[in-house]
2 protein chains.
Amino acid sequence: MAKHPIEQLIEKADLAINREDFDTLIDIYSEDAVLVIKPGMNAIGKIQIRKAFEAIAAHFNHKLDVKQAGMKILESDDTALVLAKTVVSTPEAALIHRNATYVFKKNPGDNWLCVIDNSYGHELFSHEDA
Amino acid sequence: MAKHPIEQLIEKADLAINREDFDTLIDIYSEDAVLVIKPGMNAIGKIQIRKAFEAIAAHFNHKLDVKQAGMKILESDDTALVLAKTVVSTPEAALIHRNATYVFKKNPGDNWLCVIDNSYGHELFSHEDA
């Protein structure tokens, strides 16, 4: 079965993260996309998202490796919810498994863009606002 | 702090489910919304969604009770991802806790509508397609 265009896009994003190809990476996000950097801290828009990924790459000593071990896509018109089994490998830690949640939106040119990137899924609840 | 309009909408939906007020309930969904009935089985569009909720109500002997024990909302332009701690109470079983994922979209009239309703979150992976 042919891969869903969003699955291809996420593979492209993972490869771009691992290669630190931030130009390619940022093209996958909408202008006002939201990226959860960590629970309670979000980057908003392409400039902040690029800076966040640069900082993350440096933090992990340029050895970050991200991949998806599985993916489910629910689509409604121009909006899609992705539930992913994300595996993050860093030089210091054992493999980190995340139940990631991504939202994509189809633009008028029929291309999907990531509008919400929350690789932490329900781990957001580990951060409680005052 | 004032409640987010989406939080108010989800409260209204829960109340409508518990009261079996399907007219009110269905108003909260977009025309082509997707509801996960159970992993691997989706209802698409208002007519199927209404039928699914009627069948669910009957299945639980009209004693279903749904509420949210917590909610996180990530918003980008006209799209929002909701991560919810959903608690389902039925006559037969102990409380069921779900890490629900909902996607809402703002329509041109500035009202939010549910476009993807996946109360199962990553439990979708418990159903593997052949």
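Student: Which exposed residues does the face of α1(A) turned away from its buried side carry?
Tutor: That face carries the exposed residues Q8(A) and R19(A). A residue is exposed if 12 or fewer other C-beta atoms, placed from the backbone, lie within 10 Å of its own, buried if 20 or more do, and partly exposed in between. Helices (H or I, at least four residues) and strands (E, at least two) are DSSP runs numbered from the N terminus. This is a predicted model, in which local features need pLDDT of at least 70, side-chain atom pairs count only at pLDDT 80 or more, and totals for chains, interfaces and linings use all residues. Residues are numbered from 1 along each chain as its sequence is written, while chains are lettered from A and ligands numbered from 1 in the order in which they are written.

Student: And which residues of α1(A) are buried?
Tutor: They are I6(A), L9(A), I10(A), A13(A) and I17(A). Seen down the axis of α1(A), these buried residues fall within an arc of 100 degrees, so they line one face of the helix. The arc is that of the directions from the helix axis to the C-beta atoms.

Student: What covers them?
Tutor: The cover of the buried residues of α1(A) includes α2 (22–26), α3 (46–59), β3 (65–76), β4 (79–89), β5 (96–106) and β6 (112–118) of chain A.

Student: How far does α1(A) reach from its first C-alpha to its last?
Tutor: Helix α1(A), residues 5–19, reaches 21 Å, close to the 21 Å expected for its 15 residues. The expected span is 1.5 Å times one less than the number of residues. Just after α1(A), E20(A) takes a positive phi of about 55 degrees.

Student: Moving on, where does H62(A) lie?
Tutor: H62(A) is in the loop between α3 and β3 of chain A. Its phi is near 60 degrees, a positive value in a residue other than glycine. H62(A) counts as exposed because it has 10 C-beta neighbours inside 10 Å.

Student: Now chain B. Is L81(B) buried or exposed?
Tutor: L81(B) is buried, with 26 other C-beta atoms within 10 Å. This residue is found in strand β4 (residues 79–89) of chain B.

Student: What does L81(B) touch?
Tutor: Not counting residues up to four places away in sequence, L81(B) touches T101(A), V103(A), I116(A), N118(A), L74(B) and V103(B). Two residues are in contact if their C-beta atoms, placed from the backbone, lie within 7 Å. From C-alpha to C-alpha, L81(B) and V103(B) are 4.7 Å apart in space, and 22 residues apart in sequence.

Student: How does β4(B) pair with β5 of chain B?
Tutor: The two strands run antiparallel, joined by 10 bridges. Strands pair if DSSP finds at least two bridges between them. V82(B) stands opposite Y102(B) in β5(B), and the hairpin of β4(B) and β5(B) has six residues between the strands.

Student: What about β3(B) and β4(B)?
Tutor: They pair in the antiparallel sense over 11 bridges, with M71(B) opposite A84(B) in β4(B).

Student: Finally, how many residues of chain A are in contact with chain B?
Tutor: There are 24 residues of chain A in contact with 24 residues of chain B. On the chain A side, the elements giving two or more residues are β1 (29–38), β3, β4, β5 and β6.
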